[in-house]
Amino acid sequence: MGFFQQMFQEHRKTKIIVFVLLFSISLTGFFRLNQSRIAELEDLVESIIQSYVISSADGISVGYFQWDEMYDSIIAMDDSFLDHYTHDILSTFPVVDEIETINAPFDGSAFYKFRSENQELYLYFGIFDSSTELYIEDMLIRMKFNPSNLLKQVLVSNKLNFTIVINDGDSIENIQISSNEKTLSFFHFISAFFLGFLGILLSHTIKKYSISSHYEIEGLANIVMLLSKKDAYTAEHSKDVARYAETIAKSLGMNRKQQKTLEKAGYLHDIGKIGISESILNKTGRLEKEEFDEIKKHSTIGYEIVSQFPNLNEVAIIVKHHHELLDGKGYPDGLMGDEIPFSSQILAVADVYSAMTTDRPYRKGYTGKATFEIMEGMSLNQELVALLKQNVTH
Ligand SMILES: [Fe+2]
């Protein structure tokens with residue numbers, strides 16, 4: 001079955017839940033984010049438009065209607081003067097749409113006033129002389145402002161879609177901006193879909209990995225069981241080596257993963273003995289050279305077995321070199337000093353300590369104290385020997 005096919009067929013219900021959950025969480029997240037982004041933009045555009053309108057109004061008032069010449073020409077009913085400057089205003093201020101003169105009472109309390117009606121914004125300018133002490137009491141200049149011109153031409157590019165809403169009233173605050181932006185776009189739906197899909201992929205991979213590592217450990221346990229039927233001593237000794245190796249790793253401050261790797265290497269270090277004849281393994285008398293050469297093969301055989309498990313490559317290397325000695329007289333490769341993987345040096349110390357302190361049919365185990373005395377004269381990493389000596393518990 002293909003990977004994807006398998007991914008959707010196994011645990012279908014869980015996967016649908018994972019998908020729906022991630023899809024809706026991401027969609028809600030996108031919605032909220034976009035909503036607040038749009039609200040911020042609306043506020044920003046609104047205040048830009050409002051201040052632009054105010055500064056245009058100030059400019060128009062100061063520039064044209066607080067001016068003796070304009071004041072005098074209107075009093076003198078000289079329409080051509082006003083007409084000329086009306087044209088000038090319309091071309092200078094894109095925000096101004098229409099200008100007309102209206103007859104209405106004016107009390108001089110402000111230079112101009114806002115008034116919005118029927119969604120249109122009007123500004124009423126009083127006509128003052130240059131000192132702003134005199135003003136015309138029965139006339140105003142009414143201008144229709146159209147901030148949309150500004151929005152279209154100057155401020156916002158086509159990428160953003162805003163409209164101006166003008167509420168009735170006489171304050172600049174009545175100019176409001178609302179966005180036509182959609183809070184969720186097609187792109188957000190696609191992204192949420194892929195996040196949901198990624199969730200399924202992830203849960204599938206985690207599940208697959210945990211299943212495979214479960215079988216891996218199960219498989220190793222079975223192999224060790226097989227070995228214990230053949231060679232009870234080795235199986236028992238392996239547990240001790242695992243414990244001592246872990247003790248050294250822990251006192252070196254190695255992380256949990258490295259400690260576990262060494263523990264596994266301890267369990268498996270002599271697994272290669274499964275390929276050595278029982279008569280040699282259980283021989284109590286002195287071994288002939290050929291027999292010893294046969295036994296020496298166990299570290300390489302062990303490496304070959306353990307390296308079959310893809311996740312145990314590191315363990316396999318530790319196993320391969322657990323009989324190397326610092327002076328190069330160990331096996332299988334006769335590595336010297338730092339050439340020997342550090343974890344194998346740890347395992348070697350744990351191995352020797354366990355072997356010497358354990359009772360065998362042909363001799364009693366040495367005491368811890370005597371064992372360390374002997375080990376201190378051996379070609380082992382002495383810092384590790386000292387660490388084990390400090391930390392070992394029987
Ligand atoms: Fe060994």
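**How the description of this chain is reached**

Author: In this predicted model, four strands form an open sheet in the order E1-E4-E3-E2, with antiparallel pairing. The edge strands are E1 and E2 (112-117), each of which pairs on one side only. Neighbouring strands of this sheet are turned by 25° against each other on average, with direction ignored.

Reader: What makes E1 and E4 count as a pair?

Author: Two strands pair if at least two bridges are found between them, and seven bridges join strand E1 (residues 96-103) to strand E4 (residues 139-145), so these strands count as paired, and they run antiparallel. One of the residues to look at is Asn103, whose bridge partner in E4 is Met139.

Reader: How do you know that E3 pairs with E4, and that E2 pairs with E3?

Author: Strand E3 (residues 120-125) and E4 are joined in the antiparallel sense by five bridges, and Tyr122 stands opposite Lys144 in E4. Between E2 and E3 there are six bridges, again in the antiparallel sense, and Lys113 has Tyr124 in E3 as its bridge partner. Helix H2 (residues 12-64) packs on the sheet, where it touches E2, E3 and E4, and its direction makes about 30° with that of E3.

Reader: Why is the chain called more spread out than a compact globule?

Author: The secondary structure of the chain comes to 15 helices and six strands. For 394 residues the globule rule gives 21 Å, whereas the radius of gyration of the chain is 45 Å, which is well over that value, so the chain is called more spread out than a compact globule. Along the principal axes, the C-alpha atoms fill a box of roughly 135 × 50 × 30 Å. The chain is divided into domain 1 (3-186) and domain 2 (231-391), and the C-alpha centres of domain 1 and domain 2 lie 83 Å apart.

Reader: How do you know whether the span of helix H13 agrees with its number of residues?

Author: At 1.5 Å a residue, the 16 residues of H13 (residues 342-357) should span 22 Å, and the end C-alpha atoms of H13 are 23 Å apart, so the two values agree.

Reader: What makes H13 a mostly covered helix, and what does H13 pack against?

Author: A residue is called buried if 20 or more other C-beta atoms lie within 10 Å of its own, and twelve of the 16 residues of H13 are buried. Among them are Ile346, Leu347, Val349, Asp351 and Tyr353. The buried residues of H13 pack against helix H7 (232-251), helix H8 (256-268), helix H12 (313-320), helix H14 (368-375) and helix H15 (382-391). In H12, the buried residues are Val315, Ile318, Val319 and Lys320, and what covers them includes H8, helix H11 (298-306) and H13. Over the chain, buried residues make up 25% of the 394 residues.

Key: Residues are numbered from 1 along each chain as its sequence is written. This is a predicted model: local features need pLDDT of at least 70, side-chain atom pairs count only at pLDDT 80 or more; totals for chains, interfaces and linings use all residues. Helices (H or I, at least four residues) and strands (E, at least two) are DSSP runs, numbered from the N terminus. The radius of gyration is taken over C-alpha atoms; the globule rule is 2.2 Å times the number of residues to the power 0.38. The expected span of a helix is 1.5 Å times one less than its number of residues. Two residues are in contact if their C-beta atoms, placed from the backbone, lie within 7 Å. Axes are lines fitted to C-alpha atoms, for helices over the stretch in contact, and angles run from 0 to 180 degrees between N-to-C directions. Domain bounds come from an automatic or database domain assignment.
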